[in-house]
Amino acid sequence: VDLSTKVAGLSLPNLLFNASGVCCQTETDLKLMIESESGSLITKSATYEYREGNPSPRYLPLPSGLGSINSMGLPNEGYEYYLNFAKNYDYSSKKPLFISLSGLSLADNVKMCEAFVAAELPCVLEVNFSCPNVPGKPQLGYDMEAMESALNVLAPLIKKPFGVKLPPYFDIAHFDTAATIFNKFDNLVYVTCINSVGNGLAIDFETESALIKPKDGFGGLGGLMVLNTALANVNAFYRRLPGKQVIGVGGVTSGKEVFLHVLAGASAVQIGTTLKEEGPTVFARINKELTDIMIAKGYKSLDEFRGKVKTL
Ligand SMILES: C=Cc1c(C(=O)O)[nH]c(=O)[nH]c1=O
C-alpha cells in the first residue's frame, strides 16, 4: 500500500496514525481520520456490547503540559458498530484500517474475532491486552501466562496477520518473557508499544483534589512524559522480535519524537495526547516536521535509520 507523502521531493511512506482511543470512537471521529493527512487509522477498542465507560471528568491534559491522564473505562459503540464500519470502508482509499478489540473476557474476544474473520475483510485486527481502566479487570499484558493462553486461542482463530497492543514493561525480564511468547505466533506480525502508563494519579495543587473522577483519580498517563518509556519498549521489542514489526506510540508532540521512535525501531507511529489536544491537523504538521528533519540529516528513506539507534 503506497502511503507515501510527497513532501519536499521526498516520497516517504506516511507512517502516522491515531492512537486507538483518540478520534476513533464514532463514525464522525473516523471520518475526520479518513480526511486527515494520517497514513492509516485505528478504531477505538471494541467490547462485545456497547459501553458508556467511566463517569466524567475522565480525560484531562495535565497542567504541566507534559501529558495527559485518562480513565475512560473502555467507552465504545460495541464491536458490531466497528464491524459494520469495516464492511463499508473504502479499502481502495490507500489508508489501511486497523480494528482494535478489547474483549472483557477471552470468550468475548473469540466471538468478536470470529465475526471479523467470517466477514473476510482487508482490515487488520489488533488485540488490546492493555486497557488499564476497567475496574476489576487487570491488564492481560501483565499476566504472561494468561496472555499466552489467549494467543494460543486467538492466533489460530484469526489466521491472518494481526497485532497486539501492549502495556509498557519496565523490567528486562518482562521484555524477554513477553517476546518469547510473541515469537511463538507466526501470524502475530506486529506489536504496538505502548499503551498508557497505567494508574497514575494527577492531583490539583489548588483544590487538593484528584483531576479525574473514576477510580479515585487513578488513570493511564500519556504524552511527552511517557516518551522515554515508549522508546525503550519499542526498541526492546524491535531487538527481540526478528521478522515482526513494532508500531510506536507514546510522547509524540512533533517530528522529532517520530524520528526517535523510528530510530528505536518503529515501522509506524501513532499519536494520542497531541492528537486529542490539537486535532487531526496534527498529522500534516508532524509529517512535514519529520520530512524536514530527514532532509536536514540527509536521510532519503526511513529504512536508512529505522532501528539504528546507536549505543555507546
Ligand atoms: C481500551 C481501553 C483503554 C483506555 C480506556 O478506555 O480507559 N484508556 C487507555 O489509556 N488505554 C486503553 O487501552
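Start by selecting Arg 285 and Glu 278: their side chains form a salt bridge, 2.7 Å from N to O (a salt bridge being a side-chain nitrogen of Lys or Arg within 4 Å of a carboxyl oxygen of Asp or Glu). What you have open is a predicted model, where local features need pLDDT of at least 70 and side-chain atom pairs count only at pLDDT 80 or more, while totals for chains, interfaces and linings use all residues. Residues are numbered from 1 along each chain as its sequence is written, and side-chain values use heavy atoms, with hydrogens and water left out.

**Stop 1: around Arg 285**

Arg 285 and Glu 289 are about one helical turn from each other because they sit 4 residues apart in helix α9 (residues 282–297). Helices here are DSSP runs of H or I with at least four residues, strands are E runs of at least two, and numbering goes from the N terminus. Through shared partners, the salt bridges join Glu 278, Arg 285 and Glu 289 into one network.

Glu 289 is partly exposed at 26%, and Glu 278 is partly exposed at 35%. For the cut-offs, buried means under 20% relative accessible area, exposed means over 50%, and partly exposed is in between (1.4 Å probe, protein chains only).

Now pick Ala 284, also in helix α9, and partly exposed at 33%.

**Stop 2: another salt bridge**

The structure holds 8 salt bridges. For one of them, go to Lys 31 and Glu 27, where the N to O distance is 3.4 Å. Lys 31 and Glu 27 are 4 residues apart in helix α1 (residues 27–35), so about one helical turn separates them. Lys 31 is partly exposed at 44%, and Glu 27 is partly exposed at 28%.

**Stop 3: α3 against α4**

Select residues 106–119 and 144–158. These are helices α3 and α4, packed at an angle of about 10° with axes 10 Å apart. The axes are lines fitted to C-alpha atoms, for helices over the stretch in contact, and angles run from 0 to 180 degrees between N-to-C directions. That angle makes α3 roughly parallel to α4; angles under 35 degrees count as roughly parallel, over 145 as roughly antiparallel, 65 to 115 as roughly perpendicular and the rest as oblique.

Which residues of α3 make the contact? Show Leu 106, Asn 109, Val 110, Cys 113, Glu 114 and Val 117 on α3, facing Ala 150, Val 153, Leu 154, Leu 157 and Ile 158 on α4 (contact means heavy atoms within 4.5 Å). The residues of this contact divide into 9 nonpolar, 1 polar and 1 charged.

**Stop 4: into the core**

Next, select Leu 151, Val 164, Phe 182 and Phe 237, which touch the most other members of the largest nonpolar core, a set of 91 residues. Helix α4 gives the most to this core, with 8 residues. A nonpolar core is a set of buried Ala, Val, Leu, Ile, Met, Phe, Trp, Tyr and Cys residues joined through side-chain atoms within 4.5 Å.

Zoom in on Phe 237. Setting aside neighbours within four places in sequence, Phe 237 contacts Leu 166, Tyr 169, Phe 175, Ala 178, Ala 179, Phe 182, Val 191, Cys 193 and Val 246.

**Stop 5: helix α7**

Select residues 255–264. Helix α7 is mostly covered, with 8 of its 10 residues buried. Among the elements covering those buried residues are α6 (227–240), β15 (245–249) and α9. Just after α7, check Gly 265, which has a positive phi of about 130°.

**Stop 6**

Finish in the loops. The peptide bond between Ser 56 and Pro 57 is cis, with omega about 0°, and Pro 57 is in the loop between β4 and β5. Another cis bond runs from Cys 193 to Ile 194, with omega near 5°. Last, click on Glu 120, a residue other than glycine with a positive phi near 50°; Glu 120 is exposed, at 70% relative accessible area.

Notes: Ala, Val, Leu, Ile, Met, Phe, Trp, Tyr, Cys and Pro count as nonpolar, Asp, Glu, Lys and Arg as charged, and the others, Gly among them, as polar.
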